[in-house]
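Good morning, and thank you for coming.

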Amino acid sequence: MQPRNMSMSGVVDLAAVKAAQEAKAKAEQTRAETARQGGAGAVSPADLVIDVDEAGFEREVLQRSAEVPVVIDFWAEWCEPCKQLSPVLERLAVEYNGRFLLAKVDVDANQMLMQQFGVQGIPAVFAVVAGQALPLFQGAAGEAQIRQTLDQLVQVAEQRFGLTGLTVDADAEPGAVDRVEAEPVGPYDALLEAAVQALDAGDFGGAVQAYRNVLADDPGNSEAGLGLAQAELLQRVGGMDPQQVRKDAADKPENAQAQIAAADLDLVGGHVEDAFGRLIDTVRRTAGDDREAVRLRLIELFEVVGPDDPRVAAARRALARALF
C-alpha cells in the first residue's frame, strides 16, 4: 500500500521508466479483466466523491486508480482552510464528469495514510494514477490553479496510461452499476506489451525493436514514440563508463560527442536542466555537422521528458536563441 512517486513532467531515470511502464501494464491488465467480466459500470454523480479509510484504501484508491485518476483530499473537521477547499474539489469532481474520482481522507481517523503520503500539513491534495502517487498541491489553492492542475492530471492519465475515466449516468442510483460495452483492444497492444516486458527484463534492444515495429505501421503513435525515446536512451547509457564519460566531457568542452554522452547521463540521473543546458551550450560552441548532431540529440531528449514539461518549453526557447 506504500505509494510510489511519479513525476507528471516526464519519466527520466531508469527506476521511473520501469515504474511507469509497469504501472501502465498493470492498468491495461485491470481494464482487460474488467472487459472480460462484461465491461466497466456506469456510476452516478454521487459516486464520484467517496470517503476512504485505511481499511478501504487498497480497494477504493489503489485498485480503482487503474480505471480512473484518484484525487485524494486530506482534511480534518477542525481545519478551516479544508472547509474552503473540499467543497470546490467536490463540485469539480462532478463537473469533470468522471475524468477523476475524489477520495476524502480524514487525517484524524487515518494517521497511517497521512504518514505514508508524507503529509506535513492540511489541506493537502495528492493523486494516484495506475497505482503511483504524486503530490498535487497543499493549502487552500484558488480554483483557477486547481483546474489547471486537474487538467494536467487527466491529460497525463489518458496519454501515458490510457485512463479515460468513468462512465457517468445521471439517472443511475448511487452505488448501482450498469454494464456497458467494453472498449476494443487496440491493434498494437501486444507489441507495446512486449516492449514493456523487454524493458522489465533490461532488454533495451528488444524494447527498441518492439516500439519501432509499432511506429513502422503507425508513425504517429505517441505511446510508441515516447517509449522508443526512453528505450534508446537507456540502451545508450547502458554501455557507458560513467566516470570516463564525465572525464571526457570535462576535458573536451568543444567535443560534441563527449557532451552528447554526458547529457544522456545527466538525463538518466534525473538532472534534466543540466542535460538541456549542456547541449544548448554546445550548440553555441559548435558548427556544421557537430552542431546538427547536438541539436538532434537535444530534440530526442525533449521527447523523453515530454512536450508538456515546462523545462522543455524553456529549453526550446533557449535552443532557438542559440541557433539564431
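I shall speak about confidence, then the sheet, then the disulfide, and finally the salt bridges.

This is a predicted model, in which local features need a pLDDT of at least 70 and side-chain atom pairs count only at pLDDT 80 or more, while totals for chains, interfaces and linings use all residues. Residues are numbered from 1 along each chain as its sequence is written, and side-chain values use heavy atoms, with hydrogens and water left out.

Let me start with confidence. The pLDDT is the predictor's confidence in each residue, on a scale from 0 to 100. For this protein the mean pLDDT is 81, and 81% of the residues reach 70 or more. Across residues 1–19, however, the pLDDT stays under 50. In the model, that stretch has 57 contacts beyond four places in sequence, a contact being heavy atoms within 4.5 Å. Residues 176–185 also have a pLDDT below 50, with 20 contacts beyond near neighbours in sequence. Where pLDDT is low, the predicted coordinates should not be read in detail.

Now to the sheet. Helices (H or I, at least four residues) and strands (E, at least two) are DSSP runs, numbered from the N terminus. Two strands pair if DSSP finds at least two bridges between them. In what order do the five strands of the open sheet lie? The order is S2-S4-S3-S5-S6, and the pairing is mixed. Strand S2 (49–51) and strand S6 (132–138) stand at the edges, each with a single partner strand, so one side of each has no neighbour in the sheet. From one strand to the next, the twist averages 25 degrees. Angles run from 0 to 180 degrees between N-to-C directions, and axes are lines fitted to C-alpha atoms, for helices over the stretch in contact.

Please look now at strand S5. S5 (residues 124–129) runs antiparallel to S6, and six bridges join the two. Two of the residue pairings are Val125 with Phe137 of S6 and Ala127 with Leu134 of S6. The two strands form a hairpin with two residues between them, and Ala130 in the turn has a positive phi of about 50 degrees. S5 also pairs with S3 in the antiparallel sense, over five bridges; here Val70 has Val128 of S5 as its bridge partner.

Is S5 buried or exposed? Buried means under 20% relative accessible area, exposed over 50%, and partly exposed in between, using a 1.4 Å probe and protein chains only. Six of the six residues of S5 are buried, so S5 is largely enclosed by the rest of the structure. In a regular strand the side chains alternate between the two faces of the sheet. On one side of S5 lie Ala124, Phe126 and Val128, on the other Val125, Ala127 and Val129, and all are buried. Helix H5 (residues 143–161) packs on the sheet, where H5 touches S3 (70–75), S5 and S6. The direction of H5 makes about 165 degrees with that of S6.

I turn to the disulfide. A disulfide is a covalent bond between the sulfur atoms of two cysteines. Here it is assigned to a pair of cysteine sulfur atoms within 2.5 Å, and by this rule the count comes to one. Which cysteines are joined? They are Cys79 and Cys82, with an S to S distance of 2.4 Å. The link is right-handed, with 80 degrees about the S-S bond, and both cysteines are buried.

Finally, the salt bridges. A salt bridge is a side-chain nitrogen of Lys or Arg within 4 Å of a carboxyl oxygen of Asp or Glu. The structure holds 19 of them. One joins Lys247 to Asp251, at 2.7 Å from N to O. These two residues are four apart in helix H9 (residues 242–251), which means that about one helical turn separates them. Lys247 is partly exposed at 47%, and Asp251 is partly exposed at 48%.

Another salt bridge is that of Asp266 with Arg278, the closest N and O atoms being 3.0 Å apart. This pair links distant parts of the chain, twelve residues apart: Asp266 is in helix H10 (residues 256–268) and Arg278 in helix H11 (residues 272–285). Asp266 is buried, at 5% relative accessibility, whereas Arg278 is partly exposed at 23%. There is also a network of salt bridges, which links Arg91, Glu95, Glu143 and Arg147.

Thank you for your attention.
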